[in-house]
Structure formats: C-alpha cells, structure tokens
Amino acid sequence: AQARAAGDQAAAAAATAYLRVARADALVGARAADSVLADTLLSIARDQLHAGVGVGLDVTRAQSQLSGIHAQLIAARGEQLRSRLELIREIGAPLEANIAIATPLQRMDLGKDIPNEASAVALAMTKRADIAAAARELEAGRQGARAIRAERLPRLGLFGDDGEIGKNAQHFLNTYTWGVELSVPVFDGFRRGGQLSEQGAVNAGLELRRKELERQVAVEVRSAILNIATARDQVVSARERLALAQLEYSQAQDRFRAGVAGNGDVVAASLSLNGARDLEIDALAAYQSARVDLARAEGIATELP
C-alpha cells in the first residue's frame, strides 16, 4: 500500500510537470503572437513616417515595444526548456529525450460538471493507498494485542519417548514414557499487562493517525473541487477579457492606420492584450492543476487521461 501511495505521488508530480511544459509552450506561443503584432505596428509606423503622415515618436514607441516583447519571448523560451528538463527528470527519461506535448493547453478538456463532493470523498476513502496502509498498520497492531492476550490461555501438549537401556547390548530393556501436559500461566511478573498497555497506546495512536488522515483526505478533495470550480470561472472570465482586448487592439490599430491617432493607444492596447493572454494561460493551467490535485486526493493520479 505504501508503494502504491508513492506511485500515486510520482504520477501526480509527473502530471504537474507535464502541465508546466504545456503552460510554457502556451506562453511561448503568446509571446510569438505579441511579437508579430509589435513587428506589424513598427512597419506601419515606419510607412507613415516615410509617407510624411507620421512622427518619429511613433517609430520609437513601436521599436521599444518590439524590444520588450523579444525580451519576454527569450525568457519564455528559457522557461520552456527548463520545464522540459524537469518533466524528463520526473518521468525518469534520458536527458536527451525529445518531449512533445500531445495536446496544447488551450485544447485540454475543461469538463462540463463539477465533481460531487460526497462521491469524490467516498472514492478517495476506497482508493487512497495511504489510507489503506494506515488501516492495515492498525489491524496489525490489533493482532499484536490479541497475540499478547492469547499468551494467558492454557497450553495443552503431548510428549513421548521410546528407547532401550542397559549396559549389555544383549540384555537391553525397552523403556518408554508418554503423557499429556497442561500448562497454565499463573504469574509472569506483570509482563503481559505491561505489553498490553504499551500495545494499546500504540494502537490508540494509529487509530488517531488514521482518522486524521481521513479528515485530511476529505479536506484535500473538497479543496481541489473548490479550486476546479474557481479556475473554470476564471477561464471564462479570462477568455472574455481576451476577446475584449483583441477587439480593443484591432480598433486602436485601425485608428492608427487611418492617421486619426498616434500609436500610443495601440501600444497600450497591445500591452492589455499581452496581459489578457497571460491571464487565460494562467487560468487554464490552474484548472488543469486543480484536476491533477483532485486525482491525487482521490488516489487515482495514475488513471489520469
């Protein structure tokens, strides 16, 4: 049971590392998209400056934004490589292994229904290997107490001996002895009483540990379900904000193209879009992490799809 519990922990750690890789990939994709927008803005600013309808400040702003996005992209790629190394370490693969994420973070299943708390807790009580280990340890302690009590019971035994005796080999006499023996323990210096008291204290501690572990598991399950519900709402909110940020950027860019405004509004809108993309990625990663936490709390981390 303890080995199975260690396996569940390892599976949850590997799933968490997998999600970090997926999040890092999503951030690299977001920064690449931001880089394309910043490069487009710089091209528009330069074209307007050459046409005599723009100012150098717009070009400088666009160059500054593009430089900042490139710095973020470099950092995101570094995190992408580090997260892959961590995943390789967690799954025990060769360090030279090429890791590819099968499903991008944005396309991972969000689920439709929030898990039922009572059903999830009941599942955890039957599936968690550490609970099974604690229950078996307590049962072993109770068996030890029963064995100590059994030492007070009378013992019934049989004995026998058959052979020949004599000094002359030609005149050996047959001899034998046999019988039934009943042994009744009367006094042992209170040794058994002391052993029973000691084992009883140990068993009481094991019982408290098992109950506290069950309470902890119930809390972990309920917390994971709350995190799932919260993260899913955050995903909905983040996607709404992303859609609005994309609309804001499009409108600001159209105004800049038409020459009715400088690119200050476009830069501000692009920063808002940058933040909105990060919020969506973080919300999606938080939701999937909550799913992993729930599977670990239920003891089914090795069964994650």
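## Burial and the case of N203

Buried means under 20% relative accessible area. N203 has a relative accessible area of 11%, so it is buried. The model described here is a predicted one.

N203 is found in helix α5, which covers residues 191–258. What does N203 touch, leaving aside its neighbours within four places in sequence? The contacts of N203 are L138, G141, R142 and A145.

## Overall form

The protein has 6 helices and 2 strands. From the N terminus on, the order is α-α-α-α-β-β-α-α. The radius of gyration is 36 Å. The globule rule gives 19 Å for 305 residues, and 36 Å is well over that, so the protein is more spread out than a compact globule.

The box around the C-alpha atoms is in keeping with this description. Along the principal axes, the box is roughly 140 × 45 × 35 Å. Of the 305 residues, 35% are buried. The accessible surface comes to about 18,100 Å². Carbon and sulfur atoms account for 55% of that surface.

How many of the contacts between residues at least 6 apart in sequence join residues at least 24 apart? The share is 78%.

## V292 in helix α6

Helix α6 spans residues 264–298 and holds V292. Is V292 buried or exposed? V292 has a relative accessible area of 5%, so it is buried.

V292 and T16 are 276 residues apart along the chain. Their C-alpha atoms are separated by 7.0 Å. T16 is also one of the residues that V292 touches, when those up to four places away in sequence are not counted.

## G157 in strand β1

G157 is found in strand β1, residues 155–165. Its relative accessible area is 23%, and G157 is therefore partly exposed. Not counting residues up to four places away in sequence, G157 touches G179, V180 and E181.

A pair of positions shows the reach of the chain. G157 and L95 are 62 residues apart in sequence. In space, G157 and L95 are 66 Å apart, C-alpha to C-alpha.

## The largest pocket

Rolling a probe the size of a water molecule over the atoms shows where empty space is left. The largest pocket has a volume of about 370 Å³. Its lining has 15 residues. Which of them lie nearest the centre? They are Y18, M108, R291, L304 and P305.

Helix α1 gives the largest share, 5 residues. By class, the lining has 10 nonpolar, 3 polar and 2 charged residues.

## The second largest pocket

The second largest pocket holds about 300 Å³ of space. It is lined by 20 residues. Closest to its centre are P115, I228, R291, L294 and E298. R291 is also among the residues nearest the centre of the largest pocket.

Two or more residues of this lining come from each of α3 (117–127) and α6. Which element gives the largest share of the lining of the second largest pocket? Helix α6 does, with 5 residues. The lining divides into 11 nonpolar, 3 polar and 6 charged residues.

How many cavities of 30 Å³ or more does a search of the whole structure find? The search finds 1. The largest cavity has a volume of about 40 Å³. D34, L37, A38, Q65, I69, S270 and N274 line the largest cavity.

Helices α1, α2 (56–91) and α6 each give two or more residues to this lining. The largest share, 3 residues, comes from α1. By class, the lining of the largest cavity has 3 nonpolar, 3 polar and 1 charged residues.

Definitions and conventions: Residues are numbered from 1 along each chain as its sequence is written. This is a predicted model: local features need pLDDT of at least 70, side-chain atom pairs count only at pLDDT 80 or more; totals for chains, interfaces and linings use all residues. Side-chain values use heavy atoms; hydrogens and water are left out. Helices (H or I, at least four residues) and strands (E, at least two) are DSSP runs, numbered from the N terminus. Buried means under 20% relative accessible area, exposed over 50%, partly exposed in between (1.4 Å probe, protein chains only). Contact means heavy atoms within 4.5 Å. On a 1 Å grid over the protein atoms alone, a cavity is a set of points where a 1.4 Å probe fits but cannot get out, and a pocket is an open set with protein on both sides within 12 Å along at least five of seven lines; lining residues have an atom within 4 Å of a point. Grid points are joined across faces, edges and corners, and a volume is the space filled by probe spheres set on the points. Ala, Val, Leu, Ile, Met, Phe, Trp, Tyr, Cys and Pro count as nonpolar, Asp, Glu, Lys and Arg as charged, and the others, Gly among them, as polar. The radius of gyration is taken over C-alpha atoms; the globule rule is 2.2 Å times the number of residues to the power 0.38. Accessible areas come from the Shrake-Rupley method with a 1.4 Å probe; for residues, only the protein chains shown count as cover.
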